[in-house]
Amino acid sequence: MLATALSSARPYLAFARTSFLNILAYRARYFVGILTYFFNATVWYYIWRALFHEKGEGATLGGFTFPQMLTYVATGWALRSFYFNEVDRDIASQVREGRLAMTLIKPVDVQAMTLSQALGESAFRLVLFTVPIGLLLVLVYPVLPPASPAALALYLLSGLLSALLVGAINFCVGLVAIRTTSILGVLRAKYLVLELLSGLLVPVAFFPEPVRKVLVWLPFLHMNDTPGRIWLGLATGADAARSLGLQAAWVVALLALGRLLWRATARRIEVQGG
């Protein structure tokens, strides 16, 4: 059974490897990207420093001290550099350029192939993007270490779930292109929604109470807020387990949604093909 599973997984590992190598061919742009992420974190560092300075020494905002807020921002931007992928844009490009037919004739599961490509991109980003960004932020700013070894392990697990979560979301978004051809406007809206509701731009603790109650049951805050709180030790024990459970549940739910959408979309493609 294990041999069969490994044999079935081999094509998708190849897709992940190919995605890694394709991005490696354009690695020069990631040196600029490292600086871009560093500048983003720096802007938020000075914004929060000014806000905390106005409140006075030892102040807290949204339940965060200034060192905690700085660490929350730093871990958030570093994590985004890992889970970010453009599989939705790639699907749209395949539709626009007529390359989708080549994908359809491959004897593989399209959703699994797409997710493998997303994870291959994340693997590249981890080595040549996330680690350098994290080191740069730690060297320049007083970022707090993880609250404990367990917090570090759970943060890494949550980060992997974030990558799967974003990959599942992007697959669903990419399928919209098959019906609309162009999803440029959808992509712009998606980036704004994900960055805002994930806690990357503003911690979820600053949202109004009614909004927070809704966000807790949505997938977005598990992209950044959940890993950040785990790193800081603000989510431990049963709270951390509950957050990770919800994060994993949303990964499964969105993968299932993507499967249903793909089946409906594939039937539409067959009708168009006549």
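Among the contacts of the protein chain (heavy atoms within 4.5 Å) that link residues at least 6 apart in sequence, 81% join residues at least 24 apart. The model is a predicted one, in which local features need pLDDT of at least 70 and side-chain atom pairs count only at pLDDT 80 or more, whereas totals for chains, interfaces and linings use all residues. Residues are numbered from 1 along each chain as its sequence is written, and side-chain values use heavy atoms, with hydrogens and water left out.

The protein chain contains eleven helices and zero strands, where helices (H or I, at least four residues) and strands (E, at least two) are DSSP runs numbered from the N terminus; along the sequence the pattern is accordingly written α-α-α-α-α-α-α-α-α-α-α. Of its 274 residues, 46% are buried, a term that denotes under 20% relative accessible area with a 1.4 Å probe and protein chains only. The accessible surface, computed by the Shrake-Rupley method with a 1.4 Å probe, comes to about 14,100 Å², and 69% of this area belongs to carbon and sulfur atoms.

Two cavities of 30 Å³ or more are present in the structure, a cavity being a set of points, on a 1 Å grid over the protein atoms alone, where a 1.4 Å probe fits but cannot get out, with lining residues having an atom within 4 Å of a point. Grid points are joined across faces, edges and corners, and the volume is the space filled by probe spheres set on the points.

The largest cavity has a volume of about 90 Å³, and its lining consists of Arg80, Tyr83, Phe84, Asn85, Val166, Asn170, Lys190, Tyr191, Leu194, Glu195 and Met223. Two or more of these lining residues are given by each of α3 (66-83), α7 (149-180) and α8 (184-197), with the largest share, four residues, coming from α8. By class, this lining comprises six nonpolar, two polar and three charged residues, where Ala, Val, Leu, Ile, Met, Phe, Trp, Tyr, Cys and Pro count as nonpolar, Asp, Glu, Lys and Arg as charged, and the others, Gly among them, as polar.

The second largest cavity holds about 40 Å³ of space and is lined by Tyr72, Val73, Gly76, Gly199, Leu200 and Asn224. Here the largest share of the lining, three residues, comes from α3, and the residues divide into three nonpolar, three polar and no charged.

The pLDDT, the predictor's confidence in each residue from 0 to 100, averages 84 over the protein chain, and 85% of the residues score at least 70. Over residues 270-274, however, pLDDT stays under 50, and the model has zero contacts beyond four places in sequence for this segment.

Key: Buried < 20%, exposed > 50% of the residue type's maximum accessible area, 1.4 Å probe, protein only. 1 Å grid on protein atoms, 1.4 Å probe; cavity = no way out; pocket = protein on both sides within 12 Å on 5 of 7 lines; lining within 4 Å.
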